[in-house]
Amino acid sequence: MTKHNKSLMYAMIIGLIIVVICIGFLSSFSNPVSWVLIAALLMIPVLYNKTSGSEHIKWQDEYVWFLIDLFF
């Protein structure tokens with residue numbers, strides 16, 4: 001799945017959750033489904049960051065010693 005498709009899917013899920021929250025609050029503010037969905041809505045950025053997968057290599061100090069040995 002490409003990044004564009006994944007971002008579009010997250011945007012659609014967020015929009016759907018917001019609509020369901022609004023409909024739930026129209027029925028009652030004590031509706032527990034709306035409050036659970038608000039918690040889920042707040043957790044989406046955390047989930048997105050964990051699943052986005054970085055395409056960068058994390059630098060480690062071992063690389064410096066490899067470069068020093070390579071050039072000197």
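Which helix does Ile-68 lie in? Select residues 61–71: this run is helix 3, and Ile-68 lies in it. Helices here are DSSP runs (H or I, at least four residues), numbered from the N terminus.

Before going on, note that this is a predicted model, in which local features need pLDDT of at least 70, side-chain atom pairs count only at pLDDT 80 or more, and totals for chains, interfaces and linings use all residues. Residues are numbered from 1 along each chain as its sequence is written, and side-chain values use heavy atoms, with hydrogens and water left out.

**Stop 1**

Keep Ile-68 selected. Ile-68 counts as partly exposed because its relative accessibility is 32%; buried means under 20% relative accessible area, exposed over 50%, and partly exposed in between (1.4 Å probe, protein chains only). Asp-61 counts as exposed because its relative accessibility is 61%.

**Stop 2: two distances**

Draw a C-alpha to C-alpha line from Asp-61 to Tyr-10: the two are 51 residues apart along the chain and separated by 36 Å. Draw another from Ile-68 to Leu-37, which are 31 residues apart in sequence and 53 Å apart in space.

**Stop 3: helix 2**

Leu-37 is in helix 2, so select residues 32–52 to show all of helix 2. Its 21 residues reach 30 Å from first C-alpha to last, close to the 30 Å expected at 1.5 Å a residue; the expected span is 1.5 Å times one less than the number of residues. Center on Met-43, where helix 2 bends by about 35°, with Pro-45 following within four residues. The bend is the angle between axes fitted to the seven residues ending at a residue and the seven starting there.

Which residues of helix 2 are buried? Ser-34, Leu-37 and Ile-44 are. Ser-34 counts as buried because its relative accessibility is 1%.

**Stop 4: across to helix 1**

Show residues 3–27, helix 1, which is part of what covers the buried residues of helix 2. Leaving aside neighbours within four places in sequence, Ser-34 is in contact (heavy atoms within 4.5 Å) with Ile-21, Gly-24 and Phe-25.

Helix 1 has 25 residues and reaches 37 Å from its first C-alpha to its last, close to the 36 Å expected. Finish by selecting its buried residues, Tyr-10, Ile-17, Ile-21 and Gly-24; their cover includes helix 2.

Key. Helices (H or I, at least four residues) and strands (E, at least two) are DSSP runs, numbered from the N terminus.
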